[in-house]
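Reader: Hi! Could you walk me through this one while I have it open on my screen?
Author: Happy to, let's have a look together.

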8 protein chains.
Amino acid sequence: MDASSLRTLIEDVAGGRCTPDDAVRQLRRLPYSDLGFARVDHHRDLRLGMPEAVYGPGKTPEHCAAVVDELLTATDGPVLLTRATEAQVKAVTAAAAALGVGVGPGTVAESGPLSTVVFRPASPRAGGVVVITAGTADLPVATECMAVLGALGFAPTQLTDCGVAGLHRLLAEVDTLAMADAVVVIAGMEGALASVVGGLTPAPVVAVPTSTGYGAAFEGVTALLAMLSACSSGITVVGIDNGYGAACAIARILP
Amino acid sequence: MDASSLRTLIEDVAGGRCTPDDAVRQLRRLPYSDLGFARVDHHRDLRLGMPEAVYGPGKTPEHCAAVVDELLTATDGPVLLTRATEAQVKAVTAAAAALGVGVGPGTVAESGPLSTVVFRPASPRAGGVVVITAGTADLPVATECMAVLGALGFAPTQLTDCGVAGLHRLLAEVDTLAMADAVVVIAGMEGALASVVGGLTPAPVVAVPTSTGYGAAFEGVTALLAMLSACSSGITVVGIDNGYGAACAIARILP
Amino acid sequence: MDASSLRTLIEDVAGGRCTPDDAVRQLRRLPYSDLGFARVDHHRDLRLGMPEAVYGPGKTPEHCAAVVDELLTATDGPVLLTRATEAQVKAVTAAAAALGVGVGPGTVAESGPLSTVVFRPASPRAGGVVVITAGTADLPVATECMAVLGALGFAPTQLTDCGVAGLHRLLAEVDTLAMADAVVVIAGMEGALASVVGGLTPAPVVAVPTSTGYGAAFEGVTALLAMLSACSSGITVVGIDNGYGAACAIARILP
Amino acid sequence: MDASSLRTLIEDVAGGRCTPDDAVRQLRRLPYSDLGFARVDHHRDLRLGMPEAVYGPGKTPEHCAAVVDELLTATDGPVLLTRATEAQVKAVTAAAAALGVGVGPGTVAESGPLSTVVFRPASPRAGGVVVITAGTADLPVATECMAVLGALGFAPTQLTDCGVAGLHRLLAEVDTLAMADAVVVIAGMEGALASVVGGLTPAPVVAVPTSTGYGAAFEGVTALLAMLSACSSGITVVGIDNGYGAACAIARILP
Amino acid sequence: MDASSLRTLIEDVAGGRCTPDDAVRQLRRLPYSDLGFARVDHHRDLRLGMPEAVYGPGKTPEHCAAVVDELLTATDGPVLLTRATEAQVKAVTAAAAALGVGVGPGTVAESGPLSTVVFRPASPRAGGVVVITAGTADLPVATECMAVLGALGFAPTQLTDCGVAGLHRLLAEVDTLAMADAVVVIAGMEGALASVVGGLTPAPVVAVPTSTGYGAAFEGVTALLAMLSACSSGITVVGIDNGYGAACAIARILP
Amino acid sequence: MDASSLRTLIEDVAGGRCTPDDAVRQLRRLPYSDLGFARVDHHRDLRLGMPEAVYGPGKTPEHCAAVVDELLTATDGPVLLTRATEAQVKAVTAAAAALGVGVGPGTVAESGPLSTVVFRPASPRAGGVVVITAGTADLPVATECMAVLGALGFAPTQLTDCGVAGLHRLLAEVDTLAMADAVVVIAGMEGALASVVGGLTPAPVVAVPTSTGYGAAFEGVTALLAMLSACSSGITVVGIDNGYGAACAIARILP
Amino acid sequence: MDASSLRTLIEDVAGGRCTPDDAVRQLRRLPYSDLGFARVDHHRDLRLGMPEAVYGPGKTPEHCAAVVDELLTATDGPVLLTRATEAQVKAVTAAAAALGVGVGPGTVAESGPLSTVVFRPASPRAGGVVVITAGTADLPVATECMAVLGALGFAPTQLTDCGVAGLHRLLAEVDTLAMADAVVVIAGMEGALASVVGGLTPAPVVAVPTSTGYGAAFEGVTALLAMLSACSSGITVVGIDNGYGAACAIARILP
Amino acid sequence: MDASSLRTLIEDVAGGRCTPDDAVRQLRRLPYSDLGFARVDHHRDLRLGMPEAVYGPGKTPEHCAAVVDELLTATDGPVLLTRATEAQVKAVTAAAAALGVGVGPGTVAESGPLSTVVFRPASPRAGGVVVITAGTADLPVATECMAVLGALGFAPTQLTDCGVAGLHRLLAEVDTLAMADAVVVIAGMEGALASVVGGLTPAPVVAVPTSTGYGAAFEGVTALLAMLSACSSGITVVGIDNGYGAACAIARILP
């Protein structure tokens, strides 16, 4: 319902090219198709520069396959399934195959017990993105983030195991950080990596707290609060373990 | 301590243009000056594209004046004092005056009981920034954000009182949002404005939860959590009431 | 123990139609029957306009069957079992069958791993109720709510997947919302749908936060707090995932 | 922006009675007027059956007076100011007086240090509303609720000091509760009154937790959680100390 | 509304000594008198073995005086005002004086900025009660507890500053603890004193967490949780700073 | 290490009946025996009037058997195992059998998936204890409490399913409550039963919050806070689901 | 009540040099003197290597003076008053003066609105202690810590304003940290300094979270959790703002 | 990147013994080796006096084996794997065997379902360390702590089941505590053991809260907060269940 399409529609009505009834119907029905259990948003890519992603949890494999089928058919951009179980992966790859969309290397990224599935990744896109993690345990979140960035056309650089307890491991990457157009910092425990990276680069920094750690790490709450309170200014934060969201934020930042 | 200056210095040592002792000393002492109670970071602007801001709380007026004096003298970029009391404002404006730095309109932005002070704002900078608030009570945070954006060279557009309870007030601004290069959403209570704005624009959205509201708003915690859980993808969040941080994030995003 | 029945009883005593001992006994024993492990409240429907529902968790299948048997025998209104496991469903349908109460379509509503079971649904009742959900993951809670509304005699309309990130999906239903007599909004994550719906309809809005989402959604706490802090006035809230409670609230509102 | 007015407008365009440009302008500008610091929503009463209320905190007395002036001038329904300081009360009553709107008994309801101000209360409205409080300390919240109910045209009955520790004080009012069309339960501490009242009446029950009590009452959080977990089914809850919200909920319920 | 008085009343009706109307009226009106802003519970002492206490916060001095006047007139037991400000103390002592109830030593116990006021303390009562505190900062809570115990007829022994950091200070009182009929343990910070005392005496131990301490003591929450988790079995806990509640618990325990 | 035994020992030393070395050794070694992984406290019954209970979780079945063996051998009072798995139950009953301690009815009380095991229950003890629960889901906690009370010699009365939503179910037991020497109230959800019972009986009330309920019941936290904030005075509280602790508290109260 | 003094006492009894009655009395009375409102622990220095400190909050100036007087008279080590108001400082310096204990430079350390007072500081003690703070706002806590370290005989080095956002400021002090015998890290906001320092020195690191910062810093909770979750191993933490406790921990570590 | 090695390197450059390019490369590459999924820190032992430990969770058995292989090959100190599953233990012992590093008694310490694995423990080291636990349920954490202390060369004394409910069990160990060079206190529930031990020994006390207990123990949060608020001064705390961290803290304290 953005202003310019509203105006075009109204001009069509004014010019007799469209009846009022049709106009109202279009205003209501155009931008999505209703599958009964879900309303698939065809215009999201156009409107937001990002394709709609199918979020796996709570959906049956059949639901997933139906939505993916709808998106592959009705749009021509990338199609994404996140946090998918093995059964969901199987269902959507079968659905894609039925439409002649093949599965190549990089289609399914395993991230712990769940996976990210990418069909028809976008064509390459400018922007040097660095994804940096504090420890090995943060890798599942980084994998999701990397897969989504890839689906959106980025070719991100991944730096792993750069926690601040061994500062030299991080300082060794100071050039990589300085040359980045945007940085995603993924860290659990006390999340201090975000603060330190924020002081080493002028690029936008999107921090992702992870549920890594135990006890007082409180499933990512400690890292979340620490990143929100980071003494380096201008750091922004997404939700706990939200590698997908961080990738989308990058897509907004580097259009 | 970035790699290229390290290399120059080492080459100087290799070429006999610098003794090892001097090199070590420079590596240690160059980047800040130590006032005893504070270490002023002269190179922050160079390193991070943002000047060091003086954070008022916990500093005496004399401390504030001394740091501002040091920054005005040793650097030539903008100088910022945030969350300043009236006494602190008086002290730093006197210190600036003594250095011949005058106070004009826009130098002091009152934001509730505290103020943001800006000396030598940066020269104008490209980038259409929209700062949108949900309600009148969010204005103090917006004021801080606007002042810091101004100090950094932006000329942001401010939209006020666009809470989602009266959706038409927001939809009226749909063009403004669609044309923005970046959007700062400032909202308290349930912070739903961030989710809705995120669905209306492809631009980067930096959400600032505010401590507006009472009872179950829990001093901004509700808005913070809601923004972190926003169903619109790619929204990023800064700390509660952190208008300053949001402005810095914009400066990272629109370099 | 409402005042008029108390008065009748006392008048019976005054008139010699009832001995004091009997009066005391009646006052104590009348309104429920004690199964040992549970006290079944026969008069709840009369007193509150809602039948007593059997809450599955913590009860053995035998307990469930016994209470359902008691209710089917001693009352003639609807009988409800909520949050039932497969074993509990099996036990109560057998118990009902033994009493000649058959199982038809709509008797068992699967809601994730648990089910809602309805015997002898009430006869149709006026009142246009809309149950609207933000995402597919909220469906299990909506299913429980729909089943209980059906048991109480309502024929609710269900709108699914209307989250605020794609506002046009919601705006397309603006007429449906405007014509509703009451609306149940079911949403997880940041729960912003309640605020937006509250601004689009003058009808009573009962918001149900769900435990959908991860990380900072905190198992429904974020949605709960956001709904309680909603900027649209007059929204009321029930407990997390409490689709049953929302249906009962509607029954109180539309008598 | 509801569907029928949209259709009328489009038909006007189709019929040449309105140019496309004008249509777009109307769609944007009609429903509120922009005071710079606030957007006053003239149509709220029409759209939601409730007038827009001015929320005092964070507004200067001048802001309050300006919004009240706008509402008194541009609408003809009730005008409300909530949580107002003495200075705000003085400013708005002066503004009202300047418009010839007088101040009578009941205009200003003192609720602790803050007040609720009502100009032009609605004409009497059907619906028996009972506002019941647990203790004397809950009275300020009840006062706000009563004043807003009065502004909306109700003539509520108030029952005070009916906490469950002395159950007979509550049982004495069992008839009043049984005959109510809607009940607002206001309680702090453990908020048990809501559960008990919910078991005594079939009417809609809106529970308001208050920040009464100390220690483990946690400023109303205990009462809030208890009310959300109430064992009586169908109780709904509004935010802590939100007497205003409860009154609005009643207005939605008893139209 | 206990069963035996109910029976008597019903027998009176059966015997014609009381009309049904009168019976209903008595059942409703007897046990309290309604002052408009408060319902004073005359029978609490009879029913619960404890007089109704007037809780100061949220009441005007006039309210306090009126309730105290009502209680002094309509009952003949002890009358208590807790958490009273200086103005409230002045008002109630004047009200008492007007009824010929004098103020002697021990009437007003200052407990930090607030006071406990006791008129007509109960006559002496058996039961050796020990009130033990961890540190000097717990004294205000202990003072309230001692005053209420005194009002109820006890002559408690007070042991102060027995924190577990200097275990010998506590062990020196081992006989006193061993001979007690009941012990109230009052402690803030980590509340460990309750665990240790619980291991030294077979008497009932009522633990009162206090808001003493700073930082991670979280206004008494730490002590509260620690006392609830005490490894000594059979310790019971009342709310934070609730010296009054502990005294009442003792009165229930030592009847 | 209580004072009188200390004195006896010292007198023995003074009288030459005991050498200093022996005295020190006795002071150290007497009151427990060290099994390596546990120190079994033989004197707890003597010292605290309660036998030491073996807490199952975290112990292997062998550990449980060894401690039970030690207690059955070295003391002659009741021996308790709480929260035992099936394997632990099997191990300890075998160990008891090997010592000739038989298993009769009432030895093993199943409480959900875990059990309470009682060997050699104490001989009957005076004191009318009532254990009252709000709902069927609270039964596992009640079962633990009943079993421990039995082990300690009490013959408690159990009242089940008396939640305040159907007040008449509770009022029917008003005599039972009024005649009790002590009451244990076990409730989850909003825990309101404790407040209401506290207003109906002058007896000591020990409230046990349970983790019954879902969503905003927060695993018993809501009931815990509500019970601590109960408006009925003198109620005391033990930890969540701590039926064992409540029984021990009763043993302290009714010696 | 340590074992060797117990043995001596018992040997005295055995040797007739002490009656049993006297022994018991000594065992009870020796180690402290009871001022009525406080039990002053004379032996704490001997037992724990640290003098007893008087904690100001909750004590009247007279209380403070009395305890200080007792400690100055009965012991000959350092005497400390922490978190003292101006009135308390005045009272204790007068009390000290009356005993001929003078006030020199360093006696009173102002730490925000409160002060630390040190009489008779211990003689110099080995051990290179570094106290490092993240920002200027952490200085009040550092001041308390420095004063207490001084009282205990240390001559600590203070490094200020070394937050990780400007890592070079910290790296410049790498030698100082490497040569330290123990380090106290004092930081608010996200507390990342502790993690980084922990990776730069093998010395014991005691981290003190401060209540510096706003919004998501949550009065020190964020820093506390972050320090407890620090990825550098072997860091230990004391309570929020507890500069005193950190100094005492150093005294335990460097005896 | 410590200062002296930096100087040596720079002197080598100055002396022509190293080219600038090589110097930069060395500064970057020296201190770790990058395995792709992890950066193994060879110098940690040198830099921090503690070997790098491999944290099991989130790593595949192959990851674990690869890192252990790298550490066994590239360093010659102890190699540690913590919180390892059975599969991880199997993988690393195979990897070690392949390098000729045998498995002896004490290599694998089972701690609940997870294990600590130690290869090449350090040679014996001075320092009397006492590890004391409150209850049997704390043993898994103690086992991890003991194993790590052993790996670092300590021969700690373990005292088990010394909870404060039976104070005599603790007092029996008063000599052991008094003679310790450092004490680790491991306790769940209310964590009171730390406070009491802190008052009995002048040694450094490192407290480890455990997730033992249920209900209000909140998975270790209660013990954590209680230990941070301990009334004994100078106690320091590590994260919940962090036996490893406590051992590392001891290694920093007793170098």
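**Helix packing and a sheet**

Author: This is a predicted model. Let me begin between two chains: helix α10 (residues 221–228) of chain D and helix α10 (residues 221–228) of chain F have axes that come within 9 Å and cross at roughly 125°.

Reader: Which residues make the contact?
Author: From α10(D) there are D:Thr222, D:Leu225 and D:Ala226, and from α10(F) there are F:Thr222, F:Leu225 and F:Ala226. Sorted by class, the contact of α10(D) with α10(F) has four nonpolar residues, two polar ones and no charged ones.

Reader: And which hand is the crossing of α10(D) and α10(F), left or right?
Author: Left-handed: that is how α10(D) passes α10(F).

Reader: OK, over to chains A and G. How do α10(A) and α10(G) pack?
Author: Helix α10 (residues 221–228) of chain A packs on helix α10 (residues 221–228) of chain G at an angle of about 125°, and their axes are 9 Å apart. The two are therefore oblique to each other, and the crossing of α10(A) and α10(G) is left-handed. A:Thr222, A:Leu225 and A:Ala226 of α10(A) make the contact with G:Thr222, G:Leu225 and G:Ala226 of α10(G). The classes there are four nonpolar, two polar and no charged residues.

Reader: What about α10 in chain H, how many of its residues are buried?
Author: Eight of its eight residues, so to speak a helix that is mostly covered. The buried residues of α10(H) are H:Val221, H:Thr222, H:Ala223, H:Leu224, H:Leu225, H:Ala226, H:Met227 and H:Leu228.

Reader: Switching to sheets. What's the strand order in chain D's four-stranded one?
Author: The order is β3-β4-β6-β5 in chain D, an open sheet with mixed pairing. Its edge strands are β3 (53–55) and β5 (108–111) of chain D, each pairing on one side only. From one strand to the next the twist averages 15°.

Reader: How do β3(D) and β4(D) pair, parallel or antiparallel?
Author: In the parallel sense: β3(D) and β4 (residues 79–84) of chain D share three bridges. D:Ala53 stands opposite D:Leu80 in β4(D).

Reader: Which strands does α6 of chain D lie across?
Author: Helix α6 (residues 139–151) of chain D lies across β4, β5 and β6 (114–119) of chain D, and runs at about 160° to β5(D).

Reader: Last one: how many helices and strands does chain A have?
Author: Chain A has eleven helices and eleven strands. Of the 255 residues in chain A, 65% are buried. Among contacts in chain A between residues at least 6 apart in sequence, 67% join residues at least 24 apart.

Terms used:
Residues numbered from 1 in each chain as written. Chains lettered and ligands numbered in written order. Predicted model: local features only at pLDDT ≥ 70, side-chain atom pairs only at ≥ 80, totals over all residues. Heavy atoms only, no water. Axes fitted to C-alpha atoms, helices over the stretch in contact; angles between N-to-C directions. Left-handed = near helix turned anticlockwise from the far one by under 90°. Contact = heavy atoms within 4.5 Å. Nonpolar A, V, L, I, M, F, W, Y, C, P; charged D, E, K, R; others polar. Pairing = 2+ DSSP bridges. Buried < 20%, exposed > 50% of the residue type's maximum accessible area, 1.4 Å probe, protein only. Parallel < 35°, antiparallel > 145°, perpendicular 65-115°, else oblique.
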